[in-house]
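Hi,

Here is the structure I promised to pass on.

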Amino acid sequence: MKKSTKVMIKKHGWRVDRAIHNYIYFVFYYPYVKVVLVFLGLLKYLTWFKPLKSVGDFVFNRYHAKVLSVSDTQKIFTLNEDVRVISEQNKRVVPFKYATKILFKEPEYIAVMDCPCKKSCNVRGDINSCIAVGKDLSTFWLEHCQHYNARKITQEEAFNIIKRFRKTGHITQVFMKVATGGSTGLICNCHPDSCVSLIASKITKKIDSNLSQSAQSGYSVVHDVKKCKTCGTCADICPVDVIEVRDVVWTYNKDECLGCELCVEHCPNGALSLYQDPDKLLPLDLDMIKERFV
């Protein structure tokens, strides 16, 4: 048995079922996600069946994501110390019942491998975009996931991957899953057309408008009317269609905005900016979390 497998089993303790799930999830990442994608293809025809809300609650409380801004992502990829925050306060950042631990152990040890969502959706080109932060998970990938082109990278290389994918409309999300220890070690570059979590949220919102697998970043957008040329670039790049430009009028649905910051980055006139919204969740800002929660 490989060393990283022993570390994984030890992490789960007596919950052997979770250890097995953890192993299958990453070693068979592509077929695992492919099956989920097929299920979602069927689910979109059953949104009228309201009891499915209970299924959505069950799944999303155990596997979900938190949207990250660029600055909050950069703080993760410049981290040089362990962060361990296990508290009920975490739910102010990650509003789910389970899998809310904010843990980064040996964060300078990073690996990247092919994204199963992109692979399942037959995305052409570069799909090497799933990033593991921390020695335990990174080592597991390097020892078990060479068939998904797993490789060790630096913090700088990881952040450059993030920036490269954001140029093509990918938002940054950190994922938590009960079966992988409920911690924040997996960061991916997610596109609304090929990300299983974003596709799942779009479908389940038709069952219940409050069901979402992606927690908002905690930020909203400020619009500078004087700088805006109503070119529509922000509306085109928005992954959840909360910005609309029609007849030179700019409109914005703040409540549904993920706060992903793509519109801010892509605005050619600098007319948009982010602010921490007191009406929303707290951001996964490590400086703020260490100050308030630790």
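Predicted model: local features only at pLDDT ≥ 70, side-chain atom pairs only at ≥ 80, totals over all residues.

Let's start with the rings. There are 10 aromatic pairs in the structure. One of them is Tyr 23 with Phe 140, an edge-to-face pair with 5.9 Å between the centres and 85 degrees between the planes. Tyr 23 belongs to helix H2 (residues 16-27) and Phe 140 to helix H7 (residues 135-144), so this pair ties together parts 117 residues apart in sequence. Phe 140 counts as buried because its relative accessibility is 3%, whereas Tyr 23, at 30%, counts as partly exposed.

Another edge-to-face pair is Tyr 25 with Tyr 29, at 5.1 Å centre to centre and 70 degrees between the planes. Both Tyr 25 and Tyr 29 are buried. They also belong to one aromatic cluster, together with Phe 26, Tyr 32, Tyr 63, Trp 141 and Phe 175.

Tyr 63 has a charge to go with it: Lys 177 lies over its face, 4.5 Å from the ring centre. Over at Tyr 30, the charged end of Lys 119 sits over the ring, 5.0 Å from the centre.

Now the helix. H8 runs over residues 155-166, and its 12 residues should span 16 Å at 1.5 Å a residue; the end C-alpha atoms are 17 Å apart, which agrees. Which residues of H8 are buried? They are Gln 155, Ala 158, Phe 159, Ile 161, Ile 162, Phe 165 and Arg 166. These cover an arc of only 150 degrees around the axis, so they sit on the same side of H8.

Cheers

Key
Residues numbered from 1 in each chain as written. Heavy atoms only, no water. Helix = DSSP H or I, 4+ residues; strand = E, 2+ residues; numbered from the N terminus. Expected span 1.5 Å × (residues − 1). Buried < 20%, exposed > 50% of the residue type's maximum accessible area, 1.4 Å probe, protein only. Arc of directions from axis to C-beta. Phe/Tyr/Trp six-rings, centres within 6.5 Å; stacked < 30°, edge-to-face > 60°. Lys NZ or Arg CZ within 6 Å of the ring centre and 35° of its normal.
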